[in-house]
Amino acid sequence: QYTDIGAEQQHTALRYVSRSIYSGQITGEHFLPFLNGSQAEWKAFYSNSERHEPDYRRIVYFREAGSSDPFTASLGFQANLKNGGRFYSDLNDDARGFTFDVTTPVTAAKIKFGTLFDKKERDFSSRLIGMVVNGRGNGFTDFNLYSLPIDQIFAPENFRRNGLSIDEYQNGTNNYTAGQTVTGTYGMADVPLSLGSNEFRLIVGARVEYSKQHVLSKDVSGNKDITVELKNTDILPSVNLVYVLNQNVNVRVAYSQTVNRPELRELAPFAYFDFNTQTSVRGNEHLQRSLIRNYDVRIEAFPRAGELLSASFFYKSFTNAIEQVVVTGSALGSERTFMNADAARNYGIELEGRLALGVLGNAMEYFSVRGNYSRIHSEVDVIGTETTIEKRNRPLQGQSPFMLNLGLMYENPEWGTGVNLLFNKFGERIMEVATAYEEDVIEQPRSVIDVVLTQSVAERYEVKLSARDILAQEQIFLQGDKRARANQKGTSYSLGFSFRL
């Protein structure tokens, strides 16, 4: 059941997805006494993931909000995944690469340098076949079909001159190949320093990365190639100064530059249906990678072994921040895509704690608590276009003003029993950025509680039982002062078995 502005909707989806993953690696470590006791490490890796969706079926019934009229099917004259569509897709991802690192002691300092090669290749194909109204130029449509229930509406006798027919959504972007290659090399030094009785550690380095992302697809007609190619060479420096205040307290000051590259699906012109938002999401071939400058000050204390108390102050500056935005509708219905904001900033504090409760008495020997709380202020500057509104200092898409995570853990090594009770809550956040025609879509806060139980059996075996989102609170999205949509999520349960050879 799904509520949208002005309408009540019943969405039914029948879906089966099969996934397979393989991951393997070979590693080596070598001690090199002839190079001043240097140590070399290397790793070669390969992984493959496949996703097959053999027949994803969807249909929507709707009526006016507040009405007692019967629900009627939403069908049209063109194949549509949301309304009577059947979707078939196959995706294959291959990734391979290697890393090589050398660590060399130089007096009390350590010098480390290395290289990385990482290559990913993707092949994606899909088809969309839909049940459509056979009314244009072939007679008048029998509107009685619209009110038939889901187990009757697509019966063979309803495919006739004034009834239904089958159509395929022809779009060359439904198939694409893509890839990403990242080659990097770095050098760093870990240098202990003393100033009087004060001890410091200076960790400084830089990484040079060359990246190439490419997507090859067809235009809507399927006759013209669409080639997307994104190349960048980035120098990513990092400086980390650690002040050892005493045996149990450190103060860290850090600066680094990092990069956020678009995912391949965010670059591909293909549009896929997102069940959570009930919209199509399309890639943007003009998307650029984002550079992020990070500034951090962190105070951390270690009261006892395995315990931590820390407070962090951070500031992040984004260039070409990647956001998901609302765009106008298409043949597949309302769409979302990805765009670069001109500039963005994040700053705030984070508090983190990890404490054992055994100090409270023997009854609490196996209990511990963990938690972190972040308070974040974010700002984005957006240059106005035909489809976006120029805005200054609005919150960054997807960024909550606060996040809270709490956990109560029970670990009994004698019994091999573990119980984790987890709580999560975040502040309201922009899920979809406004266009020139609509307001921002804002997700409202909700509380989530999970419980995870693990039990070891005969040392080599483990049973794991999980209950996710026990409260199952409604997921509410507002657009201005109106409720844009609401999703009622249920609690999910899982049972798993694992063993060690």
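Analyst: **Aromatic rings and their surroundings**

Happy to walk you through it. In this predicted model, Arg429 lies over the face of Phe426, 3.8 Å from the centre of the ring.

The model holds 13 aromatic pairs. One of them joins Tyr461 and Phe499, whose ring centres are 6.4 Å apart. Their planes meet at 40°, which falls between the 30 and 60 degree limits, so the pair counts as tilted. Tyr461 belongs to strand 27 (residues 461-468) and Phe499 to strand 30 (residues 492-499), so this pair ties together parts that are 38 residues apart in sequence. How buried or exposed are the two partners? Tyr461 has 41% relative accessibility and is therefore partly exposed, while Phe499, at 54%, counts as exposed.

Elsewhere, Phe87, Phe124, Tyr176 and Phe270 form one aromatic cluster. Of these names, Phe87, Phe124 and Tyr176 come up again in the largest nonpolar core, which has 22 residues. Together with Leu81 and Val215, they touch the most other members of that core. Several elements give two or more residues to it: strand 6 (85-106), strand 7 (109-133), strand 9 (176-195), strand 11 (225-246) and helix 1 (264-267). As a general point, nonpolar side chains in soluble globular proteins tend to be buried together.

Beyond its neighbours within four places in sequence, Tyr176 is in contact with Arg122, Asp123 and Phe124, with Val215, Leu216 and Ser217, and with Arg265, Ala268 and Phe270. Apart from this core lies another, of 10 residues, including Phe71, Val133, Leu145 and Ile153.

Finally, the open space. The largest pocket has a volume of about 560 Å³, and 25 residues line it. Which lining residues lie nearest the centre of the pocket? They are Glu266, Ile322, Gln324, Phe338 and Gln397. Helix 1, strand 13 (271-274), strand 17 (322-330), strand 24 (429-432) and strand 28 (474-479) each give two or more residues to the lining. Strand 17 supplies the largest share, 3 residues.

Definitions and conventions:
Residues numbered from 1 in each chain as written. Predicted model: local features only at pLDDT ≥ 70, side-chain atom pairs only at ≥ 80, totals over all residues. Heavy atoms only, no water. Core = buried A, V, L, I, M, F, W, Y, C linked by side-chain atoms within 4.5 Å. Buried < 20%, exposed > 50% of the residue type's maximum accessible area, 1.4 Å probe, protein only. Helix = DSSP H or I, 4+ residues; strand = E, 2+ residues; numbered from the N terminus. Contact = heavy atoms within 4.5 Å. Phe/Tyr/Trp six-rings, centres within 6.5 Å; stacked < 30°, edge-to-face > 60°. Lys NZ or Arg CZ within 6 Å of the ring centre and 35° of its normal. 1 Å grid on protein atoms, 1.4 Å probe; cavity = no way out; pocket = protein on both sides within 12 Å on 5 of 7 lines; lining within 4 Å. Points joined across faces, edges and corners; volume = space filled by probe spheres on them.
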